[in-house]
Amino acid sequence: MTTTLAPPVPIGKAAVGALGMLAVATGALESVVTPTLPLLQRELDMSPAEGALLSIVLLITGALVTPVAGRFGDRYGGKRVLIRLMAVVCAGGLVSALAPNLPVLLVGQILQGAMVGALPLSFILVRRHLPAGESKVAIGVVSGLFVGGGMAGTLSAGPVAEGLSRHWMFALPTIAVIGATVLVNRLMPHDPPGRPGDAGVDWPGLVLLSGTLVTLMLVLALAPGMGSRPLVLGALIVVLAAFVTGWTAVERRAASPMVDLRLLARPEVWKSCVLTFVICVGTSVPVYLVPQLFAVPADEYGFGASATEIGFFLLPGAVAASLAGPIGGLGARRYGSRAVVTAGIVIMAAALISLAAVHTEVRHLVVGKALIALANGLCVTALVTSTATSVDQSDTGIATSLVLVTRVIGFAVGVQVSGALLTAGTPSGSDVPAESAFVTGFVIAGVVTALSLLVARTMSKGVKE
């Protein structure tokens, strides 16, 4: 009882640095499949449908684990849950590294999906161990390093897989995760449990939430190819609606709900979720389309870039993404979250519309992609920071988890829409989409992003430290 009530131990730069290293390592491990999917399909003899399953399974498990991890972190202590969660991630990385076939690799990816829950747990720790102003900066640093790690994984996965083997592209970031986890365990003090008086775990709510998220991700993944099977798509939508209805009913009656709907109804939380969704849709469209445009043959309207060249072209975006987190945290501290989000939205919308109008040279795409990566990092960092610091400390994990789950869903929606546009814009008998399909994608993303200003202007300014 006395330990629970004791104030948390302040932490220094070394402990925050360990969390940052863990963010880099997990971000890299999360991102290695996407750029190497064609290689994995060849080596494991996967069909396109199996490749699609492999590309989304980590997102699905991540979306499931994130709110659960945040809730458990609020309840039992962030460090305790984080270390156990990273043990699962490390096991998943090793399974993926040693996988001889697709079923084993899928198991590894399912276990790796637990890594998405590391961010809200990190936010719990810095919020409990640092003053308000310093915690905003620390959250920004950790968020930015996670994004930077993801970009680093995207850039390095191809060369590692081709130069060494597909096994090493999983093994190397897993080794980094193990090392960072050991450092966090040694340098980060234990934080006290947040809600000692709460009731037990809301297992019915957890099951229904899991069903909701799994069904939603399946709908998004399968929708583009279900034009000839509308009944199957309709049945999935009905199942999704049933899960949502059941989950809402259970959470409204639960003594200790997995997701407190009253928390979600708070303006600072639902506005952050809406903005995160829209911004991540806008971001994911160029994330998917720009590499595709680089790879279009030079005798058409593209540049015929190789995988190595594409990685080099995307490097400025990786740098911008890694810098955006700290800049966003500092900006939110000095000017307020609303100002940072508004600036990020304006930059992103302008860059997307510019890409739609001008994309005839490599530098156009490089600069546009870097600006979008910077704007996305500014917005997401400010939104997570605003949410984390606008709720009670005991709700930090679950509130930021809601925002991060929304990020995953927004990204999945944007990628699926982009893929559908390119598929619809590819003439019969050709494997090169029409240039107009890229233009349409950039315009749609730019307009949707710009419309989010209507929500951003209603945000509270946030506390300036």
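Trainee: To begin with the whole, what percentage of the residues of the protein chain count as buried? After that, please examine helix 9 closely.

Mentor: The model before us is a predicted one. Of the 465 residues of the protein chain, 54% count as buried. The chain's secondary structure consists of 19 helices and 0 strands. Its accessible surface amounts to about 19,200 Å², and 68% of that surface belongs to carbon and sulfur atoms.

Let us now turn to the helix itself. Helix 9 covers residues 166-187 and has 22 residues. From its first C-alpha to its last it reaches 33 Å, which is close to the 32 Å expected at 1.5 Å a residue. The buried residues of helix 9 are R166, M169, F170, A171, P173, T174, V177, A180, T181 and V184.

The place of R166 is in helix 9. R166 counts as buried because its relative accessibility is 8%, and the cut-off for a buried residue is under 20%. Leaving out residues up to four places away in sequence, R166 touches L39, L40, E43, L44, A99, P100 and A161. A further distance concerns V33: R166 and V33 are 133 residues apart in sequence, yet their C-alpha atoms are 9.7 Å apart in space.

T181 also belongs to helix 9. With a relative accessible area of 11%, T181 is likewise buried. Apart from neighbours within four places in sequence, T181 is in contact with L22, I83 and M86.

One of those contacts, L22, leads us to a cavity, for L22 is among the residues that line the largest cavity. A search of the whole structure finds 2 cavities of 30 Å³ or more, and the largest holds about 40 Å³ of space. Its lining is formed by L19, L22, A23, T26, A118, L119, S122 and F146. Helix 2 (13-30) and helix 7 (118-129) each supply at least two residues of this lining. Helix 2 gives the most, with 4 residues. By class, the lining has 6 nonpolar, 2 polar and no charged residues.

Beyond residues up to four places away in sequence, A349 touches G446, T449 and A450. The C-alpha atoms of A349 and V448 are separated by 8.3 Å, although these residues lie 99 residues apart along the chain. For A350 and I372, which are 22 residues apart along the chain, the C-alpha separation is 9.1 Å.

Technical notes
Residues numbered from 1 in each chain as written. Predicted model: local features only at pLDDT ≥ 70, side-chain atom pairs only at ≥ 80, totals over all residues. Heavy atoms only, no water. Contact = heavy atoms within 4.5 Å. Buried < 20%, exposed > 50% of the residue type's maximum accessible area, 1.4 Å probe, protein only. Expected span 1.5 Å × (residues − 1). 1 Å grid on protein atoms, 1.4 Å probe; cavity = no way out; pocket = protein on both sides within 12 Å on 5 of 7 lines; lining within 4 Å. Points joined across faces, edges and corners; volume = space filled by probe spheres on them. Nonpolar A, V, L, I, M, F, W, Y, C, P; charged D, E, K, R; others polar. Areas by Shrake-Rupley, 256 points an atom, 1.4 Å probe, with all protein chains shown as cover.
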